[in-house]
Amino acid sequence: MSRYFISLFFILTALMVRAQEEVAKKDTITRKYSYGLRVGVDLSRPTLSFLNDNYTGLELVGDFRLTERWWLAAELGNEERQQEETAGALPLYTYTSSGSYIKVGADYNTYTNWFGMRNQIHIGGRYAFSTFSQTLENFRFFESNRFFSPDEFVLGSETSQEFSGLNASWLEFVVGMKAEIFKNMYVGISARLGHLITNGEDDNFRNLWIPGFNKVTEGAKWGVGYNYTLSYFLPLYKKVKKKKEVQDRAPNGQ
Amino acid sequence: MKRLFPVLLLFTMIVQFSSCEKDDICVEGDTPLLVVGFYDIVDTTFKSVNNLRIRALDNDSILGLESAEEFGFSDRANSPDSIFLPLRIDAMTTQFEFILDSADDDQDATIDTGNIDTLTFDYLVNEQFVSRACGFVANFNDLDTTRQVFSTDWIKGINILDTTITNSNLIHVQIFH
């Protein structure tokens with residue numbers, strides 16, 4: 001009886017060893033990850049253009065997968081926005097900023113996907129440049145004591161005055177995420193914090209709103225922006241990645 | 001999930017950051033007032049004007065009725081060494097009656113029994129951009145004064161110290177009496 005057991009033990013052990021080998025083999029299986037270009041459009045800017053009479057804007061976005069986690073990224077946009085500044089309820093001046101911008105940089109995907117998933121939570125940076133013009137549509141003189149015009153500020157001019165050839169550059173910190181909703185189709189959201197590097201202003205009027213950067217705050221150089229993108233991933237080629245480690249933690253499995 | 005939290009935190013912080021903007025209240029500048037100083041004609045030291053009243057002829061309004069802070073003096077009080085005058089921005093000239101020993105006539109309150117001198121200020125208006133909240137303020141150039149001189153005038157002489165008015169820190173016009 002015991003002899004029987006011992007031989008059974010050996011057989012089972014042999015089987016187990018074999019099974020172990022099979023598992024190990026499975027783990028070294030090669031996986032293919034697709035690389036390519038993702039192009040898309042920001043949905044928030046056309047939506048705002050539709051809802052708001054004083055704004056038109058469009059932004060195209062694109063990123064290209066460089067490595068497992070790094071993507072080259074760029075945005076290209078054009079915006080026009082008219083704004084009125086008031087003191088209390090009294091109008092002071094109205095101006096329009098209009099121009100184009102380009103942002104180039106990279107995103108790093110911090111999210112570890114399960115194999116087969118291709119989502120992203122990314123942080124990144126951009127160098128951005130904008131050329132634009134500002135048009136002063138009208139202005140009134142600010143005066144804290146309005147002895148001669150108690151009801152409103154005295155009108156200075158209603159003839160629009162254009163300040164052209166303005167430009168600005170800034171560095172942008174980006175944080176966002178992208179989710180694949182259908183095959184190769186992504187929705188994304190990102191928030192941006194910009195810091196002005198150069199700001200080419202006219203002597204007679206300040207750059208108050210820069211396309212791509214948004215509001216220029218007084219005394220500070222920070223700008224805040226965001227986008228909601230819909231984009232399509234064009235797979236151009238596949239890279240094979242061999243998994244050598246036994247533990248199956250596929251980083252960014254795509 | 002551990003990785004998601006810091007990213008979400010950053011995201012929230014950036015969104016929050018956009019609401020931390022400076023309030024749009026104008027503190028950086030203002031359209032300046034003309035500063036007028038009163039001096040003794042003899043020894044050219046500061047000299048107060050007794051019961052001073054100043055009436056702007058353009059809108060027929062009296063200055064300093066509501067508060068002494070607005071133009072630096074109170075109506076019909078003894079004036080301090082210097083006062084502030086508003087200039088019209090929508091015109092290149094502003095006229096004031098300077099009334100010494102101002103008081104109402106016993107019979108007719110619309111008549112002032114004081115000594116009335118009329119002064120006209122001529123100037124050019126320029127705009128200057130100050131800040132987002134303030135927008136544009138007016139500056140005044142090429143200031144000049146004109147008046148008809150009578151022997152009964154209490155104002156004996158006028159001297160313009162500064163023809164350009166960009167702030168209200170120093171005296172622009174000296175009035176000797």
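## Basis of the model

Residues are numbered from 1 along each chain as its sequence is written, while chains are lettered from A, and ligands numbered from 1, in the order in which they are written. Because the model is predicted, local features need pLDDT of at least 70 and side-chain atom pairs count only at pLDDT 80 or more, whereas totals for chains, interfaces and linings use all residues.

## Chain A

Chain A contains two helices and 11 strands; helices (H or I, at least four residues) and strands (E, at least two) are DSSP runs, numbered from the N terminus. The order of its elements from the N terminus is α-β-α-β-β-β-β-β-β-β-β-β-β. Of the 254 residues of chain A, 27% are buried. A residue is termed buried if 20 or more other C-beta atoms lie within 10 Å of its own, exposed if 12 or fewer, and partly exposed in between, with C-beta atoms placed from the backbone. Among the contacts in chain A with a separation of 6 or more, 68% join residues 24 or more positions apart; a contact requires C-beta atoms, placed from the backbone, within 7 Å.

## Two loop residues of chain A

Gly212(A) sits in the loop between strand S9 (209-210) and strand S10 (214-215) of chain A. Gly212(A) counts as buried because 28 other C-beta atoms lie within 10 Å. Leaving aside residues up to four places away in sequence, Gly212(A) touches Gly77(A), Glu79(A), Tyr101(A), Lys103(A), Ala128(A) and Ser130(A).

Asn184(A) belongs to the loop between strand S7 (161-182) and strand S8 (185-200) of chain A. Asn184(A) is not a glycine, yet has a positive phi of about 70°. Most residues other than glycine have a negative phi. Asn184(A) has 15 C-beta neighbours inside 10 Å and is therefore partly exposed.

## Sheets of chain B

Strand S2 (residues 53-56) of chain B is joined to S3(B) by two bridges in the antiparallel sense, and Arg55(B) stands opposite Ile62(B) in S3(B). In the loop between strand S5 (93-100) and S6 of chain B lies Asp101(B), a residue other than glycine with a positive phi of about 55°.

A four-stranded open sheet of chain B has the order S4-S1-S9-S8 and mixed pairing. Its edge strands are strand S4 (82-85) and strand S8 (157-160) of chain B. S8(B) runs antiparallel to strand S9 (residues 173-176) of chain B, with four bridges between them; Gly157(B) has Phe176(B) as its bridge partner in S9(B).

## Contact between the chains

The contact involves 31 residues from chain B and 28 residues from chain A. On the side of chain B that touches chain A, helix H1 (4-17), strand S6 (115-131) and strand S7 (135-146) of chain B each supply at least two residues. The largest share, seven residues, comes from H1(B).

By class, this side of chain B has 16 nonpolar, five polar and 10 charged residues. Here Ala, Val, Leu, Ile, Met, Phe, Trp, Tyr, Cys and Pro count as nonpolar, Asp, Glu, Lys and Arg as charged, and the others, Gly among them, as polar.

Technical notes:
Two residues are in contact if their C-beta atoms, placed from the backbone, lie within 7 Å. Two strands pair if DSSP finds at least two bridges between them.
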